[in-house]
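Here is a short report on one helix and its surroundings. Look at the structure first, then read on.

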Amino acid sequence: MSAQEDAVRETGEEADERPLRGYAVAMAAYAAYAGGWAALIRRHGRQPGRHEVRDIALTAVATFRLSRLLTKGAVTSPLRAPFTTYQGTQGPAEVSDEPRHGPGHTFGELMTCPFCMSLWTSTALTASRCVWPRATRTVTAVLASVAGADALQLAYSGLMDKVTRANES
């Protein structure tokens, strides 16, 4: 009988195998990260009165693209490799990685989860827009343009596949 089965038998509940310590460290790291950005914004004296809807929309699309690039991009695999194990391709220019077991597991989870990475990238893009608004708008515009181009490439490929299948029938 496994340790998990023993735990279920003794407590009536499944053993919690989540890396809670790693998650606590990640939350503390995020708090420090966000606090560092907040201190930089205060030091530069550029706290926004409010965020413009267009900036929020642009940041959302840029966050999506940057998070996918960091967590799924083939070209960014070297950044993830110390914390992940390659599983295979996942789609156009994307790969699938699994977090390695051990001390870096939580970081591996962050590096393979675009949803998790979005919090960190959105914080960086939003905060940097407060400190360096022109440069950040340029970066977010580039990332948003790439996301739009990706969507168009996928739509075009899907349409071409559909046309090709119809012509073959």
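In this predicted model, Trp120 counts as buried because its relative accessibility is 18%, under the 20% cut-off. Tyr33 counts as partly exposed, at 26%.

A search of the whole structure finds five aromatic pairs. Tyr33 and Trp120 form one of them, and this pair is tilted. The pair links distant parts of the chain: Tyr33 lies in helix 2 and Trp120 in helix 6, 87 residues apart. Ring pairs also join Tyr30, Tyr33 and Trp120 into a cluster.

Trp37 and Trp132 form an edge-to-face pair, because their planes stand at 80 degrees, over the 60 that this class needs. This pair, too, links distant parts of the chain. Trp37 is in helix 2, Trp132 is in the loop between helix 6 and helix 7, and 95 residues separate them. Trp37 is buried at 16% relative accessibility. Trp132 is partly exposed at 39%.

The table sets out the geometry of these pairs.

| Pair | Centre to centre | Angle between planes |
|---|---|---|
| Tyr33 and Trp120 | 4.9 Å | 40 degrees |
| Trp37 and Trp132 | 6.1 Å | 80 degrees |

Now turn to helix 6 itself.

The buried residues of helix 6 include Pro114, Met117, Trp120 and Leu125. Its buried residues pack against helix 2, helix 3, helix 5 and helix 7.

The largest nonpolar core has seven residues: Trp37, Leu40, Ile41, Ala124, Ala127, Cys130 and Val131. Helix 2 and helix 6 are the elements that each give two or more residues to this core. Helix 6 gives the most, with four. Beyond its sequence neighbours up to four places away, Cys130 touches Ile41, Arg46, Pro48 and His51.

Thr123 sits in helix 6 and is buried at 15% relative accessibility. Its side chain reaches the backbone oxygen of Leu119 at 2.7 Å. Leaving aside neighbours within four places in sequence, Thr123 contacts Tyr30, Tyr33, Ala34 and Trp37.

Arg129 also belongs to helix 6. Arg129 counts as buried, at 9% relative accessibility. Its side chain makes a polar contact of 2.7 Å with the side chain of Thr59. Not counting residues up to four places away in sequence, Arg129 touches His51, Asp55, Thr59, Thr136 and Arg137.

Definitions and conventions
Residues are numbered from 1 along each chain as its sequence is written. This is a predicted model: local features need pLDDT of at least 70, side-chain atom pairs count only at pLDDT 80 or more; totals for chains, interfaces and linings use all residues. Side-chain values use heavy atoms; hydrogens and water are left out. Buried means under 20% relative accessible area, exposed over 50%, partly exposed in between (1.4 Å probe, protein chains only). A polar contact is a pair of N or O atoms within 3.5 Å; within protein, one must be able to donate a hydrogen and the other to accept it, and residues adjacent in sequence count only if both atoms are side-chain atoms. Contact means heavy atoms within 4.5 Å. A nonpolar core is a set of buried Ala, Val, Leu, Ile, Met, Phe, Trp, Tyr and Cys residues joined through side-chain atoms within 4.5 Å. Rings of Phe, Tyr and Trp (its six-membered ring) pair if their centres lie within 6.5 Å; planes under 30 degrees apart count as stacked, over 60 as edge-to-face and the rest as tilted.
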